[in-house]
Structures are given as C-alpha cells and as structure tokens.
Amino acid sequence: MTTSDAGGRHRRPEAGGPRQPVPAAGLGQLQAELEPARAYGEGALIMCDRLVRIYAAEGIEVQALQGLDLLVAEGELTALVGASGSGKSTLMHILAALDTPTAGKARVAGHDLAAMTARDRLAYRRAVVGFIWQQTSRNLLPYLTALQNVIMPLRFAGLPRSQRARRASGLLELLDVAHCALRKPAQMSGGEQQRTAIATALANQPRVLLADEPTGELDTATARDVFAALQTVNRELGVTILVVTHDPAVSAQVRRTVAIRDGRTSSETLRHGPTGEDATGGQAVEYAVLDRAGRVQLPREMTRELGMKDRVRLERERDHIGVWPDQGSHS
Amino acid sequence: MKITSRPKSSPLSGRNRIGTGAAGAGAAASAALGLLVLATVFIAVTLPRANLGYRTHVLQQAFRAVPATQRSVLADADITGLTQSDYSTAQVSLGVRQVGLDGNSIAARLRRAGLPLAPAAQWAGVTATAGPLSGAPRPAPGTMAPPQLELLYRTRLDRDARLVAGSLPARIAGKGDAATFQVAVTAATAARLGLHVGSRLSAAGQALVVTGIILPVSPGSSFWTVDPSAAAPILTYPTPDAAPFLSTAAFVGPAELRALEARVNNQHMTALWVFPLDLSRVSADQAAGLLQTLQQVTSLPAYAGLQVNISTGLVTALPPVLASDAAVQGALSPMFVSLAAVGAVMMLMGAQLVAGHRQTEFATMRARGASVAQVAALAAGGAAAPVLPAAAIGVTAGLLVTPGPRSTLALWLAAAITAAALAAPPLLAVFQFRTHRAAAVAPAAGRGVRLARWWVTSAALIAVAVGGLIILRQQGLPPSGRLDALTSLAPVLAALPIALLIVGCYPIALARLARLARRSRGAVMVVGLARGRATARSAVLPAFALIIAFAVAAFAAMERGAVARAEVAASWQATQADAVVTAAGGGPGLTPSLQRLIARLPGVQRAATVSVLTGSAGGGRSLLVAVVNPRQYAELAAATPAPPFPAGLLARPPGRGIGTTGQMPALISPAAGTTLGRAATLRVAGRSLQLRVAGRLASIAGVPAGSRFAVLPAWALGNRAPPPTVIALQGPSLDGGALARLVRQAVPGARITLRSRLLEAIAAAPLPHGGLITLAQGAAAAGVFSLLILLLMMVLSARSRELTLARLDTMGLGPTQSRRITAVESLPVILSAVLGGMVCALALVPLAGPAVDLAAFTGNQVRVPLQADPLILGAVTGGLLLLAGVALTIQDQLARRQGVTQALRAGD
C-alpha cells in the first residue's frame, strides 16, 4: 500500500516496520478520497463542461467551440481574451441564452442552458444575466433617453411603475451618468453611453454580467472609465462579470484572465496582489489550462521554438512532468 | 459609492460620437410604410367610389327615363263588391279618412320591406267607371261611340292641379234622384267636350255639374299618368270592329266620396294608392337589392277584407340596366382583384422594410428580456404611428376627390389595407424572433437544402395555380357578363407560376452572364450581376406584383382597344356608310340631280341610293323593302368594313328584261326569315312579285338594324321602281357640314346620319364611358403600384447596396458607375416583370377574354373578341421601363444624400 504526503508524493511504508500514524494532511486526503466524487463545477456560478457549438454555413461546418471547459466563481471579475474566431463571442452568446450549445453542458446560476424552454430562457434573460455589446448602438435604443433605456428591461419584467424610476435613477447615479438621464444616446459621449448600457444591463439585478468588448469602440481614457465602472459594479454589487476584451489594459486589471484558443480554454493568467486602477503591479502568473480530459494547450511560440509537433514525450519528474520533443532529449 | 470619472473628453468627439443613421433609417422606413399605406388606401377608396359614381349616374339617368308611374309602387284593390254589399254599414265603406289610413298602412308595410318611398308625393284615390257620358255640348262625331266617363276621387287634387276657372268640387248637391255631383275637369277635357263652369252632364244616371276647370301642375307625374284619361280624353279602340270612343274623366271632391261609392255602385270601382319611390339616393350597388325587394313585394296580406295588389314598372325597367351594369363590372373585376393582390404584396414588402430596420432593436429587446408578444406589441405600436394617420389621410383625400354615393367596398378595402399594414410588422417580428432554441436546435440549412426547399415550395404554389387554371378551363367560362371568383382571379393565378419560374431561372441566366462579364474590363456588369444574383430570391414578391401590374395595365389596354373596335363596328352596323341621308316620307325623294350634287361634295368617294318602301307578304305581314342598284351598292359596301354585298345574287339573268315577271331574286334579313319562306309573294309598289330568296343580309343602309326587310334589285320593279329615299355615302373625310347645308336646302325634312357623330355618341354613352374611365384609372393605379414596388424593392436592398458601393467608392468607383451598378442590379427583376407580364397578358386573352362581355361597353350586341396587341404590349413595356428609370433616379438622389462616410458607418 502506498501513501501520499501533502505534496501528493506517494511513499511506500517501511518494510516490516510498525505502522506509523498518518499525518493530518494525509487524513484530509483520505477523507477526500472516501467522500463521494463531487460534480464538476459544483459551487461555481458559471460552469461550462466540454461545451461544443457547431455552425453550418454554406454547406461547411464551423466548430466555434470544441469542448470548452470554464468555471467562474460567484463574484469574480474575469476577462476572456483570444484571437478573432477563437469562440469568445459564441461562448458569451451561449451564456446569455442567446444561443444554444450543440453539445456539452453550460450552467449559470443553476440554470442548465442546454435544456431550457423558451419560457425558461425568457425568465433567465430577465433575472439572471445582463449583456453589454461592443456597439453602443446595439445596447441602447436611439429614440429613448438614458432613463427610459434603463427602465425598458424593468417594463419587460413587469416591475411596478413606482419602483422602476427609482431603481433606474439609482443605477444611473451609481454609474455617474445621472446627469444624462434625460438625454438620448446621440447627446452622450461614448463613455456615457456605455455606462448607461451597463446600467441597463443591471436593471433587473442580474447575478451575471456579460460584456462583449465593451470598450472596443472607445479611446483609452474612456475605456478606462468604463472598465472602472465594471470593477465598481463587481465590487459594490457583487455581480459576477465576464468581459471579453482585446485590450491588454483591461486584462491587466483583472485577477483572472482566461485565454481561448481554437474553441477551448488554453491558458489562464492569475494576478496576485492589488489590481485595479491604482494597481502598481501585482504578480501575474500564466497557467496552461488542464482540462478534464487531461489535455493541455502548449503555447505556440514554445512549441515552435522547441520544434515540438505531432508528438511529445512526457517524463514524470519528481515534482513536475517534463514535455520533450520526440527527437530531442534533455541532458 | 459613486464612480468618479476622469475629466470627460469632448462629448461628441471623434470615436465617441455615434451617428444617428440607425434612428434616421428607422424613421425613413416608417415614413415609407406610411406613404405606401396612404397611396394604397387612396387608390382603394377612389377607384371603387369613382366606379360607383359612374354607375350610379347611369342608374339615375335610367330612372329619369322611366315614366313617373313606373317609378312608383301601385297598390290597387277592387272595392266594387265591398261598397255594394256593405252600403248600409258606414264604417266599412271606404271613406276619405279610411283611404288615407289604408294608404299609410300600406306605406308602412312597404317601408318595412325596405322600399325608399317619397312620403310627400304619396297619394290615393278611388276610380269609378260611370259609363257613357251624355249632355256634353260637343258630342262625339257619328263615327264614334259616346264618350265614357270615369269619376275620380284623388287625395292631392288641390296640390297636383291648378284651378283656372270656377272652384274645386265641394259636396254633392241635392238628395235622392236630384242629387248632383260637383266635378272638376281638366282644360283639355273641357275643350274636347266643349265644357265650361256650370255645364251639366249625366253619366250612369247621375247628374253632374262642372264647378271647376283645372290644369295639371306636373303633367308627367304619376297623378296624371297612372290614368292618362284624367289629364285629357283618350281615343280608345275597344276592338278592331267596334267604334272608337273617348275615355274621359272628372274629379269629385272629398265630401262626395261616400256618395260616389253609394250611388255609382253598379259599376267597377277601384281603390288606388300610389307610392312614388325616392330613387335619388339609390346607388348602383343598391339597385339589385331594390329590384329584389320590389319583386318580393307583389302582394300584401288582406287588409280589412281587401286584397291589395302591388305592382311597379321598375321590375321590368331595372333588369336590363342591372344586366348592363353587371356585364361592365364583370369586365372590370379581374382588374380589381389583381390590383388587390398587388396591394397585398406591397403591404408585405412595406412590413419587411419596417421589420428589417427594427431588427437590431428588437434583438436588443429580446436580449433585455422582452417576450415575443412584447416585441410584437412594440412592432404593432411602431406600425400604428405611421399607418393610422396615413390611412386616415388616404381615406379623407379619397372621399374628397370622389364625391358621390357611399361605397361600402371602398371602406372595407381601406380597412383591410390598414389592418394588413398594422398586422404584418408584428407577425413578421413574431416569425423572426420566435425562440432561439428552435433556431439553434435546427442548424441553419446549407445552400443545397435551401435550394431544394425553394423549388419544393415553388412547385407546390405552381401546382395550386395551374390547378386553378385547369379547373377554370374545365368548368367552362361562366355566361358572359357574370364572371365568377375563379375567373376574376385568373390574372393572379397566371402570374404566380410565371413569377416563380422566371425568378427561379434567372439566377442561372445571371450566373452565365456574370461569367461572361468577368472577361470584360469594367466592374459595373460584374458587380451589378453578382448583386442581382445574390438578391434573386428576395425578388419573388416584387416580380410577382410587377407581373400582375403589367398584365392589368396590358389587359385593360387590350379591353379598351377591343371596345374601340366594337364601337366602330357598332357605328358601321348602324349606318352601313359614312353618311346616310334619308328623305322624309311622302316627298319627291332624292332626285337624280340632287344625287349628283351630293356625290360631288368634298370627301365623298362613293354613293349608293336605296328606295325604302313598305311591302306586304300576305296574311297582314308587312316588311320593309329596300330597292337598290346591286352593283352600285356593292361598290359602296366594298369600301366599308361592312360584309360584302352579294350583288351577283341579285343580278339580272341574261335575256331577262327589266320589270318582267317571274321569280325575282331577293335578299332577306334574318328577322324576315320567319315572315317569308324560300319562295313568297311580295306585294310592293303596286306589283305582286314572286320572290326567290337568294340569300340573307344582316343590314342595309336606310333600314333600321334588326328589322324585317327584303332587298330587291331595281330592275325587278322596272319603271315602277320608286325614286330613292336614301342615299348612302362613303368617304372617310366627308364634309358633314357641306352635306347638311345642301340637304337642308334641297330636301327639307330629310334626316342626315353621320357615322362619326354616331360613333361619338356611342363612345360617350355614360355606362361604357364610365367603364372605360375605370379601366384607365385601374391602369394608372397599376402604374403607381409599379413605381412604389420598384422603389420598395430598391429601398429593401439599399443598405447592403450602399455599403457595397461605399466600399467600392473608396477603391475609386465613380458616381456614374455606381448608378449603372444599381441599374444592372435591378434590371433582371424589371426584365422578368416585362417578360412575365407579357406572357401573363397573352395568357389572359384566351383564359379570361371570352368571359368578358365587351358588348356592354358598346350598348349593342356587336361582339368583338379580345386580341393581343403588340403595340399595347410595347407601350406598357415602355411605361414600365420609364417607371424603373424614375425609381432609379429617386433612389440615386436618396443615396447621394447619405454619402460614403455615413454609409460605411451605417454598415458597422
């Protein structure tokens, strides 16, 4: 029988010797082994398990998502990055119940997005999730004022009239666009429009806010303002936020950045230390994602540099796994 | 905690400013829908109302032509036995009050039945046949029997007659055998019988004294025409063998009615109630209902023991008017149905336009939690904003432009169009934004699947349309003048498969052309054809509507052409020549010198004389006899559209002298065929001729069309041939004025008939004239619809086209090339519409043409078949191409206003 220490190393007991007491850490692991296996993503607010989305266009099938795994805990502010066509927007649309996965599971706040009826979907969009698009023209109706735009989702949800204006005004106040309440989008700056869009997305007090490149059309200063608004919403209201962005300045301000490549999560960058507008640094460590099938996406620049392709050789070291090109050897 | 923001950048600077393109485009789409609704509602209101106006004008003219008595409902009851047997019972006898009450009661029943009575003109009376009149100062001549007198009581004598002498009859004077009725007579009666105030008469043992002489106030009213002898004595021939007599009448006063019933009790007595109808507000749409009511009101339940008979002359006068109206409407119904189909397509395209512009907005709302029903409600509200005011304006403008009777059809059409315009956008929104799950579970079909779906759907629709056309042919066409729904739908049924086939096939043709165009150096054909091919499927609706509009315009023009030909044929049939001079009977006729003078008038190319006499075929059968010079008349007929005159059949056999005996060849009319057999004896001009019927002739100059006549050669009568009474002239540019002056001077009382004047009168007749105007209006409406469809088609593809052109503009595309690309892109649809429209119009000629009774337009039985006219098709094609040019110009002007930068931003 072998045991493992806290570091997960396995030890053979000394032959013939009396049985030594099991350290506390080992008891924890034993307990974990004896407990029934937990479901994947249990406890996470957003869970994507081997998510697949295939589109058929002009007779060609496009696999936008190829078995994507993602877990987001409640209250997180997470950035999603990736090249064009990597599947970011597809993922966002699925999480917003604007699209349905072809295979796999996606659960948000306990709602199974693959098994929802139309009525469930409608209730989900009204109460669980808010969405912000890149184009402000898509977020706001051009013929309504800011206040009316924020009130609009409350009307759809059937909130009594007396509460609508109060809640809408509060949100505009929170996002520092109260002065734009009676202005139409054409009378607001880009930053004011996006903050109004954030207020609109928060109107029904969703648990999750999805933002698809919210700062894509804004200049640097305004983009910073908008992102700061998102951070404050996350901090003050506890809303879990998932932001798709190409902007490195944005991804540098979140604790966790998930990179998507070829329809799967490829790496995550975790920042330890203060983040946000006044962040002076914080250490960022990039991790390759190990999915449930045990697959890892090796960074392209590394594999290219080392000439790794088709096959690699794995060697178990004492505390790591070595990955070697199939023709090279380490010395 | 508030979020403090950095100092704001300029609110409207650079990247931060969002254009108003989206909002502006939505407003433009709504305005376009409003304009569409306004134009369609306006046409839907004006066409039927104008048509109803013409028809009602014709109907009212027909009413005015009907005598007043026929325009009234007459109720009469024989009260002879009643008064006789119930003389002692005062309550039962028909007193003045009872007459009035009975009249009111009958009027109430008639009104309940739905008849439009004119209560102020209603009157009643009692007529008693008093018998032979004696004592008149001016007795009847010996050849006549004594005058017969009717004693009349009328309720409105004091209003319908004007007293010119004496006083109106008051009460019976004296008692018992000495009782004397006071009576009033008309001036005409008094003059004929030599009466004056105070004249004493006797009839049926009753003494009468004339107390007043009266004149009719309205001689044409029913008061004086229901019994013509009331106004003036009428010479009556009881039987051919009996001596004639004068029928006369005298009026008694109200106070004398009971005495009349009591004393003139062995004669026929009738109670009469006359209810003139107020027809001034009866429209053509209501005429059929009126006729039906009149036919149903033929008797009433017995009242107070009287059997009242109801009659009205309108039941015989109305049916021919209604039949003509129905025939004209039948000829117009395919046009109306087709325009309705085009209007429906336009509403759908307008809704597509609005839905397309609001798609992003609705998608945002759906993402924000709007249900499908809420989005549909928003779409409906958005549509209501432009549609309702536009519909109100369209209806108001339509009503103002076409004053006249109320048309239920017009209001229903306006309501249907408004409802369609309001319902289409929300329905489209529901279709577009039904659950995402449905769209996601069923992955988007590939090109092959979409193509297969297109062809299957098209095949199904084609099968339905062709099936309808086959049924139409198999069931046979309805009796002409009574088009049924299927025949009225013929243009739509014919256009549908044509549109589907053309639109389905032209992408293939475009692909071939595009391949050829790639070899050229320019970009116009390549880009234009590629865009045309890309938008082919969306061109089905516009192509379908344009084909129908083309077919409507062409069919209307062909109907108009056929009517024009029929009118000309009718004028030839009536006159047989360009001018006919008919001398008055009993005169010297047309002398040879006069004939020469007439023949030498400017414009006269040929002349032929006809002597028209009356002949007798024995057994009392008379017929007209036309005596002609066969060769002369044949030359004239050969120069006209009339059928050739068979002069050879009337030629004198060799060796036969003029005026000799023996069988004489004759041509007879179809109507005379029943009068004369193959051989008959005809007595004419003092001679008895043995006729040999050599052939039939439908008509000849100087003889009314359709009458019984025989045509003899002049040599058959020899020197007994009378001088000509008719001269027929041929010459397209005949000087009618000179002819009239000559004839007035030389032949007083002669009648001149100019074919050109007759043609004008035929063409100007109200019913056909109104029908032709409606055809023209329908063709114009088709033109307006075509322009709107072309504009809509361009606007629907405007966004993608402007984006393409704007991007090409950045690569160096010039404005002229841009316009050409737009034209090339639209050309396939336009050419498809032209080709399909021609095929549809040509197909309609055999499909629906025979069912269209164009004789109703000419007012006679001349039937001219509908013909496909290449000139008409060419003219309509030119019109469509012109409209396409106008639409392209408008589209170009609108596009220029936006500019490249705006277009590129709008595409983001």
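Which residue in strand 18 of chain B is the bridge partner of Val628(B)? The model examined here is a predicted one, in which local features need pLDDT of at least 70 and side-chain atom pairs count only at pLDDT 80 or more, whereas totals for chains, interfaces and linings use all residues. Residues are numbered from 1 along each chain as its sequence is written, and chains are lettered from A and ligands numbered from 1 in the order in which they are written.

In chain B, the bridge partner of Val628(B) is Pro713(B), a residue of strand 18. Helices (H or I, at least four residues) and strands (E, at least two) are DSSP runs, numbered from the N terminus, and two strands are taken to pair if DSSP finds at least two bridges between them. On this basis strand 14 (residues 622-628) of chain B runs parallel to strand 18 of chain B and is joined to strand 18 by five bridges. Strand 15 (residues 663-668) of chain B also pairs with strand 18 of chain B, here in the antiparallel sense and over two bridges, with Leu667(B) standing opposite Val711(B).

Chain B as a whole contains 28 helices and 20 strands, and buried residues account for 45% of its 908 residues. Two residues are in contact if their C-beta atoms, placed from the backbone, lie within 7 Å; among contacts in chain B between residues at least 6 apart in sequence, 83% join residues at least 24 apart. In helix 17 (residues 524-534) of chain B, the buried residues are Val524(B), Val526(B), Val527(B), Gly528(B), Leu529(B), Arg531(B) and Gly532(B), and what covers them includes helix 16 (490-517), helix 25 (798-810) and helix 26 (815-848) of chain B.

In chain A, seven strands form an open sheet of mixed pairing, in the order 8-9-10-5-11-12-13. Strand 8 (129-132) and strand 13 (283-288) of chain A stand at the edges, each with a single partner strand, so one side of each is left without a neighbour in the sheet. The twist averages 20 degrees from one strand to the next, where axes are lines fitted to C-alpha atoms, for helices over the stretch in contact, and angles run from 0 to 180 degrees between N-to-C directions. Strand 12 (residues 264-272) and strand 13 of chain A run antiparallel and are joined by six bridges, with Ser267(A) opposite Ala288(A).

Two helix pairs of chain A were also examined. Helix 5 (residues 146-157) and helix 6 (residues 161-174) of chain A pack at an angle of about 125 degrees, with their axes 9 Å apart. That angle makes helix 5 of chain A oblique to helix 6 of chain A, given that angles under 35 degrees count as roughly parallel, over 145 as roughly antiparallel, 65 to 115 as roughly perpendicular and the rest as oblique. The residues of this contact between helix 5 and helix 6 of chain A divide into nine nonpolar, one polar and three charged, where Ala, Val, Leu, Ile, Met, Phe, Trp, Tyr, Cys and Pro count as nonpolar, Asp, Glu, Lys and Arg as charged, and the others, Gly among them, as polar. Helix 7 (residues 190-201) and helix 8 (residues 220-237) of chain A pack at an angle of about 20 degrees, with their axes 9 Å apart, and are therefore roughly parallel to each other. Their contact has five nonpolar, four polar and two charged residues.

Most residues other than glycine have a negative phi. Ala97(A), in the loop between helix 2 (88-95) and strand 6 (103-108) of chain A, has a positive phi of about 60 degrees and is buried, with 24 other C-beta atoms within 10 Å.

Key. Buried ≥ 20, exposed ≤ 12 C-beta atoms within 10 Å, placed from the backbone.
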